[in-house]
Amino acid sequence: MKHLNDVYEGEPFNLQMVHNEFKKFLQRKSNSMYNFDQPVIMKAFEHLQQLELIRPVDSSSAKTQREYQLMRLMLDHSQIMEALQKYPQCPTDVKQWAMSAFA
């Protein structure tokens, strides 16, 4: 989400966009062990919404399928970087990906 937020300069995103971006990341890391099914990713996305780390763009999007509901990241760059620094168990390649801004 941070990567999408950086690349698209704060434009809203949806779960499907996040999932596609994550799959691209996994393809670049051919030795990666990460592979999550859509229901697992949906549950994590919903959890972030419950924590109010992401929020729907508007209430009318409630009629939209959950995968395509537009969201905004409620954290700024520095908050994400600080959290990554405080999370020693975060895999190094994920940290590097989050810290980079690539197209």
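I looked up burial and found that 30% of the 103 residues of the protein chain count as buried, meaning under 20% relative accessible area with a 1.4 Å probe and protein chains only. I note that this is a predicted model, in which local features need pLDDT of at least 70 and side-chain atom pairs count only at pLDDT 80 or more, while totals for chains, interfaces and linings use all residues. Residues are numbered from 1 along each chain as its sequence is written, and side-chain values use heavy atoms, with hydrogens and water left out.

I then read the secondary structure, which comes to 5 helices and 2 strands (DSSP runs, H or I of at least four residues for helices and E of at least two for strands, numbered from the N terminus), in the order α-α-α-β-β-α-α.

Next I turned to the largest nonpolar core, which has 14 residues, with F13, F45 and I54 making the most contacts inside it; such a core joins buried Ala, Val, Leu, Ile, Met, Phe, Trp, Tyr and Cys residues through side-chain atoms within 4.5 Å. I saw that α2, α3, β2 (71-73) and α4 (77-85) each supply at least two residues of this core.

Finally I checked helix α2 (residues 15-28) against helix α3 (residues 38-50), whose axes come within 11 Å and cross at roughly 120° (axes are lines fitted to C-alpha atoms over the stretch in contact, with angles from 0 to 180 degrees between N-to-C directions). I recorded that L15, Q16, V18 and H19 of α2 meet Q38, I41, M42 and F45 of α3, contact meaning heavy atoms within 4.5 Å.

Methods:
Buried means under 20% relative accessible area, exposed over 50%, partly exposed in between (1.4 Å probe, protein chains only).
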